[in-house]
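Here are some notes to read alongside the structure. Please keep the sequence and the view open while going through the points.

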2 protein chains.
Amino acid sequence: MVVGPGQDCAVLQTDAALWLLTIDALVAGVHFAPEWLSPRQLGRKSFLVNASDIAAMGGQPRFCVVNFSVPPAYRERDLRALQQGIVAAGRECGAAVVGGNLTRATQLSITIALLGTAPRRIVTRQGARPGDHVFVTGTLGDAALAVRSLRRGDTPVTANLQRRFREPAPRLRAGRILAEMGIVSAMIDVSDGLVQDLGHICTESRVGAVLRPAAVPLSPAYRKRCGSDLRLALQGGEDYELLCTVPEGNVKMLQRQRARLGCPITCIGTITGGRRLRLLDAEGRTLQLDTHGFDHFRT
Amino acid sequence: MVVGPGQDCAVLQTDAALWLLTIDALVAGVHFAPEWLSPRQLGRKSFLVNASDIAAMGGQPRFCVVNFSVPPAYRERDLRALQQGIVAAGRECGAAVVGGNLTRATQLSITIALLGTAPRRIVTRQGARPGDHVFVTGTLGDAALAVRSLRRGDTPVTANLQRRFREPAPRLRAGRILAEMGIVSAMIDVSDGLVQDLGHICTESRVGAVLRPAAVPLSPAYRKRCGSDLRLALQGGEDYELLCTVPEGNVKMLQRQRARLGCPITCIGTITGGRRLRLLDAEGRTLQLDTHGFDHFRT
């Protein structure tokens with residue numbers, strides 16, 4: 001960075017010529033209840049959900065700018081904690097906060113625009129082909145389960161579950177390896193829920209998919225609380241895991257890289273011709289699903 | 001642009017290695033009343049206030065990402081008009097909208113992050129030196145006058161005045177010439193009001209200034225309505241003109257470039273030692289001012 005915060009613009013200089021640019025907002029009452037997150041945690045999360053978009057393209061976060069829309073009663077020390085959370089999460093991911101804007105509003109919201117360097121091979125949502133295997137990192141449904149518990153207030157939420165909601169772990173390392181080595185044909189981060197985000201890959205790639213719910217990776221906490229009810233894992237959202245498609249010929253390469261990814265990766269389905277997304281249950285029966293899913297947290 | 005909207009990130013490629021990055025938000029009830037601007041005008045303005053920050057650094061807008069925070073009742077055709085306004089204003093300024101995000105909120109707000117290429121010589125708010133002349137482009141106070149009239153609802157506002165509020169004209173051409181030719185020692189855009197923004201230059205450059213109110217450029221509409229009352233011109237805000245400091249040795253170069261700037265430019269004061277911002281009235285008397293000014297639209 002040549003010129004930092006406090007000017008009309010930050011000035012950025014680098015050798016890399018290919019950039020990623022993304023924007024995302026967290027709004028109080030829509031994406032979180034203020035009592036669910038400390039200001040510092042909220043700052044961290046605001047950055048991390050953006051970093052997850054960079055991870056989904058295989059890139060490396062570098063620079064971000066932040067807009068704070070803040071109610072008049074919001075305390076200055078909370079605003080400082082918010083900022084510190086963003087800066088800390090940015091630093092951990094290799095990115096600098098280079099500018100910001102502060103405005104009044106009735107509703108607290110944090111909007112971050114994040115600029116990252118792109119991998120040598122660009123991966124989009126558009127490259128999936130019939131026959132490709134569908135993989136997902138980590139476990140699904142934990143953040144949605146934490147939100148449901150926080151919302152009902154009737155179930156004590158374990159620290160691990162809370163963390164899955166409060167502190168997404170963008171899969172930057174996995175994303176970079178999967179993209180740069182040319183292992184994946186399409187990739188997206190799971191923010192709206194598995195079914196909806198796999199639907200995005202299908203729509204953009206003009207293909208269909210078969211999903212095997214029994215193969216969807218679940219945490220022990222999820223199994224304990226939800227048993228065989230997979231709704232939150234399939235449609236909950238806010239997982240911030242990577243969902244990708246791998247051509248048959250690349251599966252061996254994926255197996256060789258598996259230990260380097262920094263997270264588990266699990267095969268959960270197959271890309272098909274046609275344009276439908278189907279669920280194959282444990283008995284091999286096909287159940288048609290609404291590919292739009294539903295916006296779990298936002299309605 | 002290599003990859004456009006609809007992915008997790010936009011992918012950008014260019015030869016230039018030096019970038020400017022800025023973010024700004026317009027919030028309903030804070031920066032505007034919905035009845036003051038059509039959705040398309042609001043979209044245009046959202047882009048143009050960001051472009052003004054790029055102009056203040058002498059840069060060229062290139063790529064932007066947009067966050068829309070939208071109440072549930074907001075009509076889809078208004079959202080489309082908003083988007084079209086941003087795209088149109090971007091295109092006129094040489095920039096492409098490469099991504100976006102849509103979220104619910106109680107209050108309409110538009111946040112834009114704009115990436116621009118930097119000029120060969122970077123200009124900041126920090127280079128002003130005692131003896132430098134203070135210049136400002138265009139005329140001041142018109143947007144504040146338009147807002148006051150719209151707010152009171154008691155004075156018919158002329159189309160020209162309305163335009164100064166609705167459609168800021170970022171001084172991109174003037175900014176580029178002033179920066180690239182090394183004419184100015186410091187520059188900022190006047191968004192918070194002349195006194196406050198000159199205060200920013202003084203603080204960042206660790207200097208003071210003498211301002212001559214009688215020299216502040218006013219439009220015929222402003223003179224007609226406000227006579228000798230200069231409060232809106234000095235402290236009104238939302239002018240989106242360029243305020244810059246020019247070393248004595250560069251004044252002749254400025255005069256030679258004047259016709260190319262695309263707007264008038266007027267000398268309104270001088271940078272001094274010390275750290276105070278003083279007003280010199282028509283009779284040569286000094287009046288001390290609160291350099292913080294006041295946040296006219298926002299309180």
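1. Which domains does the domain assignment give for chain A? Domain 1 covers residues 19–117 and domain 2 covers residues 133–288 of chain A. Bear in mind that this is a predicted model.

2. Between the C-alpha centres of domain 1 and domain 2 of chain A the distance is 24 Å. Their contact takes 15 residues from domain 1 of chain A and 18 residues from domain 2 of chain A. On the domain 1 side, helix 1 (residues 39–56) of chain A gives the largest share, 10 residues. By class, that side of domain 1 of chain A has eight nonpolar, four polar and three charged residues.

3. Chain A also touches chain B, and the contact takes 54 residues from chain A and 54 residues from chain B. Several elements of chain A give two or more residues to this side, among them helix 1, strand 3 (60–70) and strand 7 (186–189). Strand 2 of chain A supplies the largest share, nine residues. The chain A side divides into 28 nonpolar, 18 polar and eight charged residues.

4. Which residues of helix 5 (residues 172–180) of chain A are buried? They are A:Leu172, A:Ala174, A:Gly175, A:Ile177, A:Leu178 and A:Ala179. An α-helix has 3.6 residues a turn, so residues three or four places apart point the same way.

5. The buried residues of helix 5 of chain A pack against helix 1, strand 3, strand 6 (133–137), strand 7, strand 9 (242–246) and helix 9 (251–257) of chain A. After helix 5 of chain A comes A:Gly182, with a positive phi near 70°.

Methods
Residues are numbered from 1 along each chain as its sequence is written. Chains are lettered from A and ligands numbered from 1 in the order in which they are written. This is a predicted model: local features need pLDDT of at least 70, side-chain atom pairs count only at pLDDT 80 or more; totals for chains, interfaces and linings use all residues. Domain bounds come from an automatic or database domain assignment. Two residues are in contact if their C-beta atoms, placed from the backbone, lie within 7 Å. Helices (H or I, at least four residues) and strands (E, at least two) are DSSP runs, numbered from the N terminus. Ala, Val, Leu, Ile, Met, Phe, Trp, Tyr, Cys and Pro count as nonpolar, Asp, Glu, Lys and Arg as charged, and the others, Gly among them, as polar. A residue is buried if 20 or more other C-beta atoms lie within 10 Å of its own, exposed if 12 or fewer, and partly exposed in between; C-beta atoms are placed from the backbone.
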